[in-house]
Amino acid sequence: DIVDRDDNVIKKWCLESEIWPEEIIRVVTVYLIDTQGKFYIAQRSPNKRVDPLMFEAPAHGRVNSGENYEDAIIREAEEEIYTKLMNLQEIQYFYYEFDSNAWFQRLRKKLYVAKCEPISHYNYEEIYKIKSFVNIREFLRYYEQNTSKFSNAIAFDVKYLKQYFNL
C-alpha cells in the first residue's frame, strides 16, 4: 500500500509494476540472534537491482496490501531465510528517506529483533551469503570498520539497535 507519513493507506500498490512509487511504502526489517547468541546479517544477491552484494538485515521487505507489519516480517523470514521467528520484539517504528543506488526511497518502517534457530539454509535468489557474529558488539565493530559494504538503509537500523541494546 501507499501510505502517508502517519501510515494511513492512500492507495494500493503492487510490486508487479516493477516501478517503485515516489510515495511512501511500508517495509519491515528483522535482525536475528540465534539460540546460541550469534547475531546475523545477510549479503544481498548480486542479481538484486538495489544494493547488490551489500550487507543488510537477514530478512526484510515490503508489507503487502492488506497485511500488517508483524505478518509481513514473519512471511519475509520464512521466504528469505526459511526460519520461524521466536520472541519477536518491535524496537522502532519510523519514517525515513534515503538514496539507494537505484532511486530515492520514502519508507514507513518497523524494525524488529527476534530469536531463531541457527541459520543454515536461505533463499539464494535473495541472499548471496549469511554472515554471523559472536554477538551484537562484534557486529557493530565490523559495521563501523566496513560501512561501505552496507546498504544505505542500515545506518538507521544501527542507530536503533544501539539504543535497544543500550550500547
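The buried residues of α3 are Ile154, Asp157, Val158, Tyr160 and Leu161, where buried means under 20% relative accessible area, exposed over 50% and partly exposed in between (1.4 Å probe, protein chains only). Helices (H or I, at least four residues) and strands (E, at least two) are DSSP runs, numbered from the N terminus. An α-helix has 3.6 residues a turn, so residues three or four places apart point the same way.

This is a predicted model, in which local features need pLDDT of at least 70 and side-chain atom pairs count only at pLDDT 80 or more, while totals for chains, interfaces and linings use all residues. Residues are numbered from 1 along each chain as its sequence is written, and side-chain values use heavy atoms, with hydrogens and water left out.

**Ile154**

- Ile154 is in contact (heavy atoms within 4.5 Å) with Tyr31, Phe55, Glu56, Phe139 and Tyr143, leaving aside its neighbours within four places in sequence.

**Lys110**

- Lys110 is placed in strand β8 and is buried, with a relative accessible area of 17%.
- Its side chain makes a polar contact with the side chain of Glu90 (3.5 Å); a polar contact is a pair of N or O atoms within 3.5 Å, where within protein one must be able to donate a hydrogen and the other to accept it, and residues adjacent in sequence count only if both atoms are side-chain atoms.
- Not counting residues up to four places away in sequence, Lys110 touches Val27, Val28, Thr29, Tyr69, Glu90, Gln92 and Tyr93.

**Positive phi**

- Asp51, although not a glycine, has a positive phi of about 50°.
- Asp51 lies in the loop between β4 (39–44) and β5 (55–56) and is buried at a relative accessible area of 9%.
- Asn87, also not a glycine, has a positive phi of about 50°.
- Asn87 lies in strand β7 (residues 86–99) and counts as exposed at 52% relative accessibility.
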